[in-house]
Amino acid sequence: MTVKTRGLEGIIVGDTAISTVGKEGVGLTYRGYDIHDLAAHSTFEEVAYLLVYGELPTLTQLQAYKDKLIKMRRLPNELKLLLETIPASAHPMDVLRTGVSMLGTLESETAQYSGHQIADRLIACAASILLYWYQFHRNNVRMETWNSEEKTIAGYFLHMLHDKKPDEEQRRAVDVSLILYAEHEFNASTFAARVTTSTESDFYSAIVSAIGTLRGPLHGGANEEAMRLITQFKTPEQAEAGVKEMLAKKAKIMGFGHRVYKISDPRSDIIKAWSQKLSTHARDGYLYAISERIEKVMWDEKKLFPNLDFYSATTYHFCGIPTSLFTPLFVMARLSGWSAHIFEQRANNRLIRPEATYIGPAPRPFIPIQERG
Ligand code: COA
């Protein structure tokens, strides 16, 4: 039987033991653990370990994993040199994509340098790649990427970005956001990684495919677009009128809707609570009220709910993170989920190769160029 749906909607293309998305009565779980429990009680490093190695770590395993990640933050000189030549005007997603690709030429996958080691390495040094480039071009600083006493990836990212010890509330907000962004079944970028993996290509190529796919505004890029939308308005009333006008023109409001979830995104309330908490100390905390009004308008007018990207935008903004770094933060988290999917695909691989319905011209005779007129 041939089934055809646009955008593969509703098509099951494989099995996974990594996460559930929108399954009735289950919501979102990572390897069986509810996202609410993980966000409330665990850390991103625990979740990354769970995804990449299959089980939650013991205290000793977690300590060893964190120490390993800290040691893997340092960048090779050749990569630093490359980052210095990438223009300051480049999008940070392109910087990450290029940085990962370059690392793949310096530390390529071999029998000695396994996929698990590369997964850990990329999770550990994605922030280094991003912020080495950022600080070099913004502040003329050649950042010592390993020189941070921060033990967590969230803390390391904020320390390297702001060049000071992070505020604990902001550090935990970023940590929770990394947990929420870590994994999401067969979303577009994960599927891209699995397609590349299915050709028996290398680990870095699969990750580069995924980063390129995440970049678009219909996927990971939505958090940056949501921020651009929210900051257009100064009051909730203005936001209500502005969004209604956009809807009347059939514009898409970024950060709303979802291909799989139909009633709500189980991650949204968790990140919304962080946005609200941080807004109380923020200079432009009024952006939270604007966001809430946009949420209400979207529900009243379209019955559309915020996805994770919508309140992640203000959460990151209230942590002093520039908008162009929002989607790269998504990458830093999702590297763990992508890695888990690459291993799962490899363990039971078959080339992913769908078919298309041909709608082009009927067969016709070839006319030599001299006779084409
Ligand atoms: N704003 C306004 N209308 C939206 C919308 C949004 N964010 N999301 C969906 N819709 C509307 C569409 O216009 C369409 O209406 P129509 O049937 O009158 O034409 C209908 O809802 C179905 O949308 P469609 O784009 O076909 O759904 P999809 O399953 O292909 O897309 C998304 C899912 C996530 C791509 C889509 O909701 C979207 O573009 N959201 C904004 C981007 C975003 O936040 N992405 C992050 C996802 S986690």
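Which residues in α5 meet which residues in α6? Pro92, Val95, Leu96, Gly99, Val100 and Leu103 of α5 meet Arg121, Leu122, Cys125, Ala126, Ile129, Leu130 and Trp133 of α6, where contact means heavy atoms within 4.5 Å. This is a predicted model, in which local features need pLDDT of at least 70, side-chain atom pairs count only at pLDDT 80 or more, and totals for chains, interfaces and linings use all residues. Residues are numbered from 1 along each chain as its sequence is written, and side-chain values use heavy atoms, with hydrogens and water left out. Helices are DSSP runs (H or I, at least four residues), numbered from the N terminus.

**Packing of α5 and α6**
- Helix α5 (residues 92–106) and α6 pack at an angle of about 125°, and their axes are 10 Å apart; axes are lines fitted to C-alpha atoms over the stretch in contact, with angles from 0 to 180 degrees between N-to-C directions.
- The two helices α5 and α6 are therefore oblique to each other, a class that remains once angles under 35 degrees (roughly parallel), over 145 (roughly antiparallel) and 65 to 115 (roughly perpendicular) are set aside.

**Nonpolar core**
- The largest nonpolar core has 107 residues, of which Phe157, Ile294 and Ile321 touch the most other members; such a core is a set of buried Ala, Val, Leu, Ile, Met, Phe, Trp, Tyr and Cys residues joined through side-chain atoms within 4.5 Å.
- Helix α6 (residues 115–139) gives the most to this core, with 14 residues.
- Leaving aside neighbours within four places in sequence, Ile321 is in contact with Phe157, Leu158, Leu161, His162, Val174, Tyr316, Phe326 and Leu329.

**Helix α14**
- Helix α14 (residues 286–302) has 17 residues and spans 24 Å from its first C-alpha to its last, close to the 24 Å expected at 1.5 Å a residue; the expected span is 1.5 Å times one less than the number of residues.
- Its buried residues (under 20% relative accessible area, 1.4 Å probe, protein chains only) include Leu287, Tyr288, Ile290 and Ile294.
- The buried residues of α14 pack against α11 (222–230), α12 (236–248), α13 (268–279) and α15 (308–318).
- Lys303, which follows α14, has a positive phi, near 55°.

**Glu224 in α11**
- Glu224 lies in helix α11 and counts as buried because its relative accessibility is 4%.
- Apart from neighbours within four places in sequence, Glu224 is in contact with His91, Thr323, Ser324, Leu325, Phe326, Thr327 and Pro328.

**Helix α8**
- Helix α8 (residues 168–181) is mostly covered, with 12 of its 14 residues buried.
- Among the buried residues of α8 are Arg171, Arg172, Val174 and Asp175.

Notes: Buried means under 20% relative accessible area, exposed over 50%, partly exposed in between (1.4 Å probe, protein chains only).
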